[in-house]
Amino acid sequence: MAEANAKPKSFQEIILRLQTYWASKGCAIMQPYDMEVGAGTFHPATTLRSLGSRPWAAAYVQPSRRPTDGRYGENPNRLQHYYQYQVLIKPSPPDLQDLYLGSLQAIGIDMDLHDIRFVEDDWESPTLGAWGLGWEVWCDGMEVSQFTYFQQVGGHDCHPVSGELTYGLERLAMYVLGIDHVMEMPFNDPQSPIPLSYGDVFRQTEQEYSRWNFDVANTEMLLKHFEDAEAECEAILSREAEDPKTGKRIVMAHPAYDQCIKASHLFNLLDARGVISVTERQAYIGRVRALAKKCADAFVTTEAGGWTAETAA
Amino acid sequence: MPDLLIELFSEEIPARMQADAAATLKKRMTDGLVEAGLTYAHAAAFHTPRRLTLAVEGLLAESPTIREERRGPKADAPEKAIEGFLRGAGITRDQVEEREDKKGKVLFAIIERPGRPAADIVAEVLEQTIRSFPWPKSMRWGAGPLRWVRPLHSILAILTTEAGKIVVPLDIDGIHSGDTTEGHRFMAPGRFAVNGFEDYAARLKRAHVVLDPSERAEHILNDAQNAAFAAGLELVEDRGLLSEVAGLVEWPVVLMGAIAPDFLDLPPEVLQTSMKEHQKFFSVKNPKSGRFERFVTVANRETADNGATVLAGNLKVLSARLSDAKFFWENDLRIAKREKMQPWLDQLANVTFHAKLGSQAARIDRIAALARQIAPMTGADPDLAEQAARVAKADLSSEMVFEFPELQGLMGRYYAEAAGLPAEVAAAAQEHYAPLGPSDAVPAAPVSATVALADKLDTLTGFWAIDEKPTGSKDPYALRRAALGVIRIVLSNGLRLHLDRLIDAQILRHQIAPVHDDALLDEILAEIAHHGVFGAAVHAIIDRIPGDKPDWLERITGHTPDLSDDLLAFFHDRLKVHLRDEGVRHDVIDACLAMPNRDDLALVVKRATALSDFLRTEDGGNLLQGFKRANNILTQAEEKDGVAYEFGADPKFAETDEERTLFAALETAKPRIDTAMQAEDFAAAMSAMAALRAPIDAFFEAVQINTDNQVVRRNRLNMLSTIRTTCLTVADLTKLEG
C-alpha cells in the first residue's frame, strides 16, 4: 500500500480530494443533478447511463434529500439534506476494489492502522426497479461506503455491468476528521480568514426544512404535483420518436426521467408528512417504479443508451 | 497417485454462504470425478472470505479403460436393424464380432473407451462446476457472461505428484488457471506460487490467512474467552455469531473494549442485540452482577498500533448506536410509565396487519375477545387474559421494536412492567409469541397460554377465512408453525378444549366483526366458542332477539362448517407430523381421529399414546389380528347377505365350549371397558380387551362360523359383531395397518 496521505482539514477538502482522485483514474467529474433526489443513484449519470452497452465513467457529488431523516439539526448524525459522493464505471473494472481503497487513502485513511472490511449488503431500489450485489464497506466497524455491481436497472438487465460506489460524505468526513457532531465539522479550512462549520452552513436550513417537511408542506398540493409529474412523464414518452419540427429522431428519455425523479421526491415528502399508509406506500412505490421502467425503456432506444440506426434496422 | 488442489479466488463472499459453497464445491467436484472414473482417497474443502478451496488426495492419475460388450441382432437380421445397432454403439461393421448362440450367429459390439488423464477430467468437471454453481444469489460483472457470487479473480488448479506439479489447463471467460494465489489483502498483498496443499496452507499462513474456518473460529473463541477471563469477566457465547464472524476475516485479531457506563442501564438483551446485529460484537458480562460490561470485536488484521485505532473507531460506532438505543429506551419508558402504552395502541389502528384482515388494532380486538372465551378452559382469569391480549402487541409501536424487530415481546414485557401492569400480563406480552421453533419452550402460565392460543388461532382462522392457506413449500405467514404452536400448548398443558368450536367462533368473528361491533354478537360468539355453532343455546339467544334481526345473523345461521373442517384437518395433519416425531405411527393416529371429539387434541393424543403402547405388547398385536379376522368374516357375510348383524348374540344358541367361554369373556369385559372409557383410561380399556384375546383365538381355532344351521350361523355372526363393537370403543382398529 502506498504512503498515507496527510490528514485533511475540512469537509470540503475531503470532497476535493475525492474529485481529484477519481479524475486521475479517468472519471468524468460531473456536477450534481439540478433536481431534488433521495440519493446519488437518481442522477441520470448513474440511473440512465448504467443502461445500454456504451462504456461510461463518472464521479460527482450529489446533494440528497431524505425528508423523514430531518432532526432539526440536533441529531449528531442525521440530516434531511446531505451529500453523497457517487462513482459509476461501466463496465466495472477488475481492480475496482483496489481503486476504491486508493480513494480512502487519498482522503487520509492510513491503511496500516485501520480495519477495512467488505460486508455483504445487497442493494435494491424498489422505486427504480433496480438491484445489485455488493457490500457495505466497514472502516473499524463503521459503514463508510456502499459498493454495488448493478445487475438490473429500470427492469433491464445491465450489460455490461456497472460498478457503483457511494460514499456518505458527512459520516465519512466526520470519521476522518474525528468529529462527533456533524454541525461542528469544519466546512472549510479552520485557518481560513472566515472559518465556517457545517452548522454555519446548514443548521438553519435543517431546522427550516424539518419544520416544513414534517408539519407544513401542503399535502393536497403535493399529491396533485405527484399526479401531474406522473401524467407528464407518460405524456412525454407517448410521443413518437420522430420530431415533426426537425424531422430528427429525438426520444425524450431525460425530460421524462426528470418527471420520474419529481414524482419520487414528492412521494418522499408525502411520506414524511405521514399521509401515506402502509398499504398505500407499496402502491406509490409501484407507480414511481412503473415510470422509471418506462424511462429506462425509452433510454435504451437513444444513442446514449446504445441504440444505432443500423442495429435498429 | 496425484493430489489435486483447487482454489477459487474472488472478491468477498458473504459470510453466510461460505460453508455451503465449500461443501457444494467438494460434492460436485468429487461426484463429477468419480463419475468420470477418477476415484480418490480423501477430500476436504475450506473457505475464507475471499476463497473456496478443495484438496483431494490420492486421485487416480487417469481414468481406467472401459471395455463394454453390447449384444446386437442376429447376423442375418435385416440390414436396417444391423445399421441401427452399429449407429447406437458408434462402431463400424468390421469392428463387430459374430458369436455362436443357441439361436444362431449373433452380433456383438466391443466398445473400448480408453482412460483419460486426470488433468483433462478435472478441467472438464471444474469448468462445469463453476459454470453451474448453485449460489443462493449470483451476479455478473464487467462485460463478461460468467456468474459467480462476486467477481471471480483467479483459479488455482494443480495436480501434484512426487515428480512435480502440473497446472490443470482451464480458461473460463478469460480467467486462466494457474498455480498462484494471494495472501491477506492488506498484510501480505501480492501473488505467490504454491506446490500442493500443505505448501499452500503453510504459505497462506505466512501471508496472514488462516485457511480453515474452524481454526479461525476456535482462535476467536479462545482469545475472546482469555481476554474476558483476564479481566475477571465472562464471554457470552454465540455459535451463530462466531461462525459468521469467522467468515468475515482471514486473519482474526480479537479486541476487547468497554461499554460506556451511560449505557449499562439498558436491558442486557438490548445491549446484546444492538452490538450483535449492527456490529457483530460479542457481549462480555460480569458474572457477579450479570451485567454486560464489555464487548469483543474481531478485526481482520494486526495493525502498527496493536489495534488501538481500530478499537477506538469501533467504540465510537458503538456509542452512536447505543445512544440511539438509549434514546429509544427512555422515550419508550416514558410512554409506558406515564401513558400506560395507550398511544402505541392507538397507533396500531393505523398499522395494517394484512390488507384483507384489517389493522393490528382490529386484530387485537379479535384476539382479546377470543382470549376471554378460552380463559375458562385454561384456568386463566378472563379479565387478566383479555387485558394481556390487549397490551401484548403494544410494543410493536415502540421505537425499540421498530429498530430491533427481534426484541418484540421482550420489550413488551419490560414496558408492561414499567406501566405497572400485573406480572401475568407482562409475562404474556413476552410469552404469547411462543413457541416459535421446535426447541422453543411452550408457555405454561395460564394467561400466557391463553393469549398465545388466541393469537395463533386468530391468525389461522383469518388466513383460512381469506383463503390464503399454505401450499406446498409456500407458507409465508408461518401458519404451519402457528398450528404446531397451538398443538404443543394444548398438549403440554393438558388442555381439554373443543378446537372446532373456537375455530367456528373466530372464523365468524373474522367474517362479521369488521363491519359490526355489537354486544349481542359477542354473546353469540361466546356461546359458539363454548357449545358449538349448532348448540341450542345459540338458537335460544337468536330466538329471543326482539324485533328485526340484524342482517349478520344470516352469516351465523347459514354458517357451513367446511372452512372449519378444513382448518381442523390442517391441525390433524400437523398433529400427525408432531406425533410421528414422537414415534407414534400415522395409522395409529388415523385410528384415533376416526373417533368422536377429534377436535379435542389432548384426548386424541391420550388415545393414540395408549393404543400405540398397547400395540407394542404381544396381547395388543394378537388382539388386533383376532379383531381383523372377526371383522373380515363379518364384513364379507354382511355384504353377501345384505344384512347388518347387530342384534346381539344369544348364549343359548352356543354349541361349543369355546363359544360359551367367549360369551362369558365378552360379558365380563364390557363393564370393565365401559368404566375405563368413562374415566378416559384408554390403557385400562384396552387391557380389558386384551383379556378377550385368548377366548377369541380359541373360538376361531375350534369353531367354523358358516354352518348349515342358519340360526347358529346368524348367532355366531352376531357375536362377531359384538367383538367388533367392543374392540372399536377406543379407536377405529380397521384403520390400522398390518
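This is a predicted model: local features need pLDDT of at least 70, side-chain atom pairs count only at pLDDT 80 or more; totals for chains, interfaces and linings use all residues.

Guide: Residues are numbered from 1 along each chain as written, chains are lettered from A and ligands numbered from 1 in written order, and side-chain values use heavy atoms, without hydrogens and water.

A search of the whole structure gives nine cavities of 30 Å³ or more. A cavity is a set of points, on a 1 Å grid over the protein atoms alone, where a 1.4 Å probe fits but cannot get out.

Now the lining, meaning residues with an atom within 4 Å of a point. Chain A gives A:Ile116, A:Arg117 and A:Phe118. From chain B come B:Glu12, B:Pro49, B:Arg50, B:His184, B:Arg185, B:Phe186, B:Leu248, B:Glu250 and B:Asn300. By type, the lining has five nonpolar, two polar and five charged residues. Here Ala, Val, Leu, Ile, Met, Phe, Trp, Tyr, Cys and Pro count as nonpolar, Asp, Glu, Lys and Arg as charged, and the others, Gly among them, as polar.

Where does the cavity sit in chain B? Domain 1 (3–62 + 117–206) and domain 3 (213–338) both supply lining residues, so the cavity lies between them. Those bounds come from an automatic or database domain assignment. The assignment for chain B also includes domain 2 (67–113), domain 4 (344–580) and domain 5 (617–735).

Key: On a 1 Å grid over the protein atoms alone, a cavity is a set of points where a 1.4 Å probe fits but cannot get out, and a pocket is an open set with protein on both sides within 12 Å along at least five of seven lines; lining residues have an atom within 4 Å of a point. Grid points are joined across faces, edges and corners, and a volume is the space filled by probe spheres set on the points.
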